[in-house]
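Please examine the structure shown below.

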Amino acid sequence: MCLGFLSGGTGGSAIVLGAFSPSLLSGAFGSVVSSAVRATVWSASVVSGVSGVALGPSYVAGPSLVHHGSAVLEDSSPIHWIRSSMTRSLFLNELSSTDSESDYYKYWIDWFVSLEGNEYFCAVDEEYVTDRFNLTNLNTEVLHYQKALELITDNLSNKPMTNELREQVEKSAMHLYGLVHARYIMTARGLSKMYEKYKHGEFGLCPRYHCSQHPLIPVGLSDVAFKEKVKLYCSRCEDIYCPKSRKHGRLDGAYFGTGLPHMIFLNYPANRPAPSEQRYVPRIFGFKLHEVAELHRWQDEQREEQKKRLGIASSTQLPA
């Protein structure tokens, strides 16, 4: 086991654990950690004296981030880490690894879209995020807008922040990315990325039997954040469904907008599927229900609705 401390100018300190035993960590911190993780960085403020918390990894520094230090693991492979103050305290995710090297993320956007539950998102191009025209009016919708934008673009200053402020900035960064994502996927580049995910069935398949497992597309029921959760649209039956996974079902529908499926097929008309003409036919003992019976049932339903609108008791007869 390799245990060491990293420290530097203004970034605080971090603890590095390499080639550890899962049972040891479980006993020490009260959290179960996968044996697939070879090396993970935690914030010292999170680790020290805390029991029963889930610990999560940071992502590796790129050229635009401050180099904070290095640690040598048992296989003598030097790994450079970013400042520990930016350790992810939300959406904690274990890093998978191979025998030769671990998988890390150089940029915040790559890390965010790789999180479990964020598979519906595509990676927004950095050029799009840094163009202020594309961010018009978003500063009024996002708390700590400037810091959140700097975090997304990996330009957040190295000034110390309280844990509470850091969590707020991280939440705001995720919300801001979602709002930017909704605009980006309506561009040619964004539509192309979402169309590729649609073709490969990455959003799921239609649960309707007569749609023959047709791929779905995420869609929102409102363009206003915090109104509706994301739904999945089938272009064959032209209906919407709830995601199977709870993690996907918690995504805000405003992060995908109300027009994505229709914009995709406006740009790729040759790939628009023909509407499903197959319908379920109700039968009793092999015989279809008589159309007159269906008509009478519909008339009864309309009569009852009219009585409710007029405030008339159900037992009262309407005038002919």
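A residue is called buried under 20% relative accessible area, exposed over 50%, and partly exposed in between, with a 1.4 Å probe and only the protein chains counted. The model is a predicted one, in which local features need pLDDT of at least 70 and side-chain atom pairs count only at pLDDT 80 or more, whereas totals for chains, interfaces and linings use all residues. Residues are numbered from 1 along each chain as its sequence is written, and side-chain values use heavy atoms, with hydrogens and water left out.

**Overall picture**
- The protein contains 10 helices and 10 strands; these are DSSP runs numbered from the N terminus, helices being H or I of at least four residues and strands E of at least two.
- Among the 320 residues of the protein, 42% count as buried.

**A three-stranded sheet**
- Three strands form an open, antiparallel sheet in the order β6-β7-β8; two strands pair if DSSP finds at least two bridges between them.
- β6 (216–219) and β8 (239–241) are the edge strands, each with a single partner, so one side of each has no neighbour in the sheet.
- On average, neighbouring strands of this sheet are turned by 40° against each other, direction ignored.
- Strand β7 (residues 231–234) is joined to β8 by three bridges, and C234 stands opposite D239 in β8.
- Helix α9 (residues 260–267) lies across β6 and β7, at about 125° to β6; such angles run from 0 to 180 degrees between N-to-C directions, with axes fitted to C-alpha atoms, for helices over the stretch in contact (heavy atoms within 4.5 Å).

**Helix α5**
- In helix α5 (residues 145–152), the buried residues are Y145, A148, L149, L151 and I152.
- These residues lie on the same side of α5 because they cover an arc of only 160° around the axis, the arc being that of the directions from the helix axis to the C-beta atoms.
- Their cover includes α3 (108–114), α4 (126–130) and α6 (163–184).
- After α5 comes D154, which has a positive phi near 60°.

**Cysteines**
- Where a disulfide is a pair of cysteine sulfur atoms within 2.5 Å, the count comes to zero.
- The sulfur of C234 has its closest cysteine sulfur in C206, at 3.6 Å, which is too far for a bond.
- C234 is buried, at 0% relative accessibility.
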